[in-house]
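Hi everyone, thanks for coming.

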Amino acid sequence: MTTNLFKSTVNEYLEGLPESVQTRLYHSPATSLSIFRLLPALAKFYVMSMIFNEKPVQVSDFDRWVNPNGRIEQVEAIRALKSLHLLKEHNGVAVLNPVFRKSFRNVLTGTDIGNSFGVLCDTDDAHKVDVAFLDNYAASKWESILHFMVGTELQESPSPTVLELLRHSGLMEGKTAKNLSITNQGFQFLLQDVNAQLWTLLLQYLIKAEELQMDPVDVLNFIFMLGSLELGKDYSVSVLTETQVSLLKDLKDYGLIYQRKSTSRRFYPTRLATTLTSDVTTLRSASAAMNKVIEHTKEGAYGEDNIENAGTIIIETNFKLYAYTNSPLQIAVLNLFVHLKQRFSNLVTGQITRESIRKALQNGITADQIISYLETHAHPQLLRAAEDQLEKKTDYDSNTKEQLHILQPTIADQIKLWQLEMDRILSFDGYLFTDFSSEQEYQLLQKYAEEIGVMLWCDHNKKKFFVTKEGNAQVIAYANRKLRKKAT
């Protein structure tokens, strides 16, 4: 449940695009900015170091800009830049993609950006809406999708387009909308943060759009443009392409866009849209968005103290759980891994048991996801207690490597142990190396496989070792180099 999750997923999609498509994307300043935001930190540093530098940059300079402890980050940064064809090498010189360089420079200087960042409406909206309305609207739309997935009865189901995408993405299965049921992948989807959820569906939308012969560049440019718009402002539809206008209807169904009528010549991006490429989302999760609405409506009934606790969880060392919520969605999510016992107007109690965790694990949810969810929704008092405890340890030993543990270690460890009970047998795809001609040959290759991190198992007595599927080619290439040299 981190922002890195959605970043890696989006980058994988972008890296898989043909170079010609990537270059077309870079013609849009807004898209160039969004892709820059998705890069690893060191890759951003390399881009910013080169963007206004008119002198050629030697590839060897990259080594001098990074200390020895950052070599892994350097390899990943250069890999990301090359996979997106943002960086090329020629005769030892590193060169930025000229199309990206021009667009991104225009973003930084504010020149020649055209309609890339949308065009604000030049007339006042007689039905203007505020940010609070947009937040409420976005939460309502997105919550309806998640409620449908967990089987909550709704007055109005999501649109047929949304339901088809849920089935197309593998989050739900069934022949008709009436008999759709959540899958194991869908359970995992529920425990992701809202940005990861949005990008999961948007990437599926892109795949489906390509099948319908829609231009992926047009679709991606519009999505990335939304991430750069200003919340609370209304933008003109007149500058959008025909494909992008057709996208408005679908994106309204997800709560990314608000339009009063389908024929309206203006649209409002919601917070879900403006945080698409942001590192931080103000909607901690979909259930938190719903609870934000509940806070305002229940303020008079429950008082200020209870409002601050809305949507939060307290868990005791005896595994008893107390959740301050009346959100059907959050209750449904808790029911995935908690044995719920009692429900009050704004409080749900339950017990985490071996059986409830095993049920969640069988549905494809991992122990780390459960722990992350409990920590994300932890009551502020649990967070303060954990911070105080860490501060005391730091005061006692300034060199301590202790990290912040919001959830009690006994609870987190037990949840992981219950998972280990079900993971006693693990299978891996790979290759077995055996029948070496000498002890020296075995030691040479076994040591190399261990050094590059591809060895999964070895038996020194029987002179055998097992490597990952990806590492097989590396070990064979190394063997050919070293053993051929010895033979000659």
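**Charged pairs and a surface patch**

Let's start with Lys82, which is partly exposed because its relative accessibility is 36%. Keep in mind that this is a predicted model. Which residue does Lys82 meet in a salt bridge? The partner is Glu89, and the N to O distance is 2.8 Å. Glu89 is partly exposed too, with a relative accessible area of 40%.

Why do such pairs form? Side chains of opposite charge can pair when their charged atoms come close.

Now please find Asp135 and Arg271. They form a salt bridge as well, with their closest N and O atoms 2.8 Å apart. This pair links distant parts of the chain: Asp135 belongs to helix 8, Arg271 belongs to helix 14, and 136 residues separate them. Is Arg271 buried or exposed? It counts as buried, because its relative accessibility is 17% and the cut-off for buried is under 20%. Asp135, at 22%, counts as partly exposed.

Another salt bridge joins Glu54 and Arg105, at 3.1 Å from N to O. Here Glu54 sits in the loop between helix 4 and strand 1, while Arg105 is in helix 7, 51 residues apart. Glu54 is exposed at 59%, and Arg105 is partly exposed at 25%.

How many salt bridges does a search of the whole structure find? The total is 15. Salt bridges also link Glu15, Glu76 and Arg79 in a network.

Last stop, the nonpolar patch. Phe428, Leu432, Leu456 and Trp457 form it on the surface, with about 420 Å² of accessible area together. Among them, Leu456 lies in strand 14 and is partly exposed at 38%.

Notes
Residues numbered from 1 in each chain as written. Predicted model: local features only at pLDDT ≥ 70, side-chain atom pairs only at ≥ 80, totals over all residues. Heavy atoms only, no water. Patch = residues over 30% accessible without salt bridge, like charges linked within 9 Å, V, L, I, M, F, W, Y side chains within 5 Å. Areas by Shrake-Rupley, 256 points an atom, 1.4 Å probe, with all protein chains shown as cover. Salt bridge = Lys/Arg side-chain N within 4 Å of Asp/Glu carboxyl O. Helix = DSSP H or I, 4+ residues; strand = E, 2+ residues; numbered from the N terminus. Buried < 20%, exposed > 50% of the residue type's maximum accessible area, 1.4 Å probe, protein only.
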